[in-house]
Amino acid sequence: MTIKIKAYSDFICPFCFLGTGPLDEIIKEKDVEVEWMPFELRPSPYEKIDPWQDPAKLSSWDSFILPAAKKLGIDMRLPRVSPHPYTHLAFEGYHFAKEHGKGNEYHHRVFTAFFQEEQNIEDVEVLTKLADEVGLSKDAFKEALVSRKYREVHQEALRHAYEEAQITAVPTFVIGKEVIQGLASKERLAKVIDQELEKNKTNGFDGMQCDMNGYC
């Protein structure tokens, strides 16, 4: 049985990028399906995040983020795209990619473009190039971003994250009814997945019945 994981994240969240490592390992070993769920840490028109001008954020990068990346064996750097970009266009591109069967590939490529190559993922030309690299139509993708075709789709996704799922921080992983907030190790994810599998086996016959009319 395939276990579905909803992974709420933002493209400028370093711990979200680090969270892709354990998820990639889990995908290789277990029957899971990951759905990336949009979440904007600093949506427009709020002021953009600028860690290069914030000593506390620079200290956090050196003290927590880089050591975690090293432990996970993930190459990453603090992008010198200052201030960090808004991510609504990148997410609108994600909705296009998802609709065309390339959602996970595009999502991963935008992450690596930002945290490994320091590309500006708010730029339409940059996003179009990334879309082309994962096999999407350059012209159709660019037209979708320029026309804001997926603006309402993305706004609905954000409403779901903020209001329905009540996500307050990312990364957040939802596996069945279990919610894991923050960077999760492969072992922790595996434990929850196994518990969900066992629960589904146990409850496989729950609720089956016949009524007084003889309908079963």
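Which exposed residues sit on the face of H7 that is turned away from its buried side? The first view below has the answer. The model is predicted, so local features need pLDDT of at least 70 and side-chain atom pairs pLDDT 80 or more, while totals for chains, interfaces and linings use all residues. Residues are numbered from 1 along each chain as its sequence is written, and side-chain values use heavy atoms, with hydrogens and water left out.

View 1. H7 spans residues 151–164 (helices, H or I of at least four residues, and strands, E of at least two, are DSSP runs numbered from the N terminus). Its 14 residues reach 19 Å from the first C-alpha to the last, close to the 20 Å expected at 1.5 Å a residue (1.5 Å times one less than the number of residues). His154, Ala157, Leu158, His160 and Ala161 are the buried residues to look for here (buried is under 20% relative accessible area, exposed over 50%, partly exposed in between, with a 1.4 Å probe and protein chains only). They lie on the same side of H7 because they cover an arc of only 150 degrees around the axis (taken from the directions from the helix axis to the C-beta atoms). An α-helix has 3.6 residues a turn, so residues three or four places apart point the same way. As for the opening question, the face turned away from the buried side carries exposed Glu152 and Glu163. Among the elements that cover the buried residues of H7 are strand S1 (3–9), strand S2 (32–38) and helix H3 (88–99). Gln166 follows H7 and has a positive phi, near 55 degrees.

**View 2. Helix H3, mostly covered.** Of the 12 residues in H3, 10 are buried. Here they are by name: His88, Leu89, Ala90, Phe91, Glu92, Gly93, Tyr94, His95, Phe96 and Ala97. Their cover includes S1, S2, helix H4 (103–115), helix H5 (124–133), helix H6 (138–146) and H7. From first C-alpha to last, H3 reaches 17 Å, close to the expected 16 Å. Look just after H3 for Gly101, where phi is positive at about 75 degrees.

**View 3. The largest pocket.** This pocket has a volume of about 330 Å³ (on a 1 Å grid over the protein atoms alone, a pocket is an open set of points where a 1.4 Å probe fits, with protein on both sides within 12 Å along at least five of seven lines; lining residues have an atom within 4 Å of a point). Of the 15 residues in its lining, Ile12, Pro14, Ile49, Lys57 and Ile65 are the closest to the centre. Helix H1 (14–29) and helix H2 (55–72) are the elements that each give two or more residues to this lining. H2 gives the most, with four residues. By class, the lining holds 12 nonpolar residues, two polar and one charged (Ala, Val, Leu, Ile, Met, Phe, Trp, Tyr, Cys and Pro are nonpolar, Asp, Glu, Lys and Arg charged, the others, Gly among them, polar).

**View 4. The second largest pocket.** About 150 Å³ of space lies here (a volume is the space filled by probe spheres set on the points, which are joined across faces, edges and corners). Pro22, Ala68, Lys71, Leu72, Leu183, Ala184, Ser185, Lys186 and Glu187 form the lining. H2 and helix H8 (186–202) are the elements giving two or more of these residues, and H2 gives the most, with three. The lining divides into five nonpolar residues, one polar and three charged.

**View 5. Two cis peptide bonds.** Ser44 and Pro45 are joined by a cis peptide bond with omega of about 15 degrees, and Pro45 belongs to the loop between S2 and H2. The bond from Val170 to Pro171 is also cis, and its omega is near 5 degrees. Pro171 lies in the loop between H7 and strand S3 (172–175). Gly182, in the loop between strand S4 (178–181) and H8, is in contact with Pro171 and Phe173, leaving aside neighbours within four places in sequence (contact is heavy atoms within 4.5 Å).

View 6. Glu118 has a positive phi near 60 degrees and lies in the loop between H4 and H5. Its relative accessibility is 27%, so Glu118 counts as partly exposed. Arg148, in the loop between H6 and H7, also has a positive phi, about 60 degrees. With 31% relative accessibility, Arg148 counts as partly exposed.
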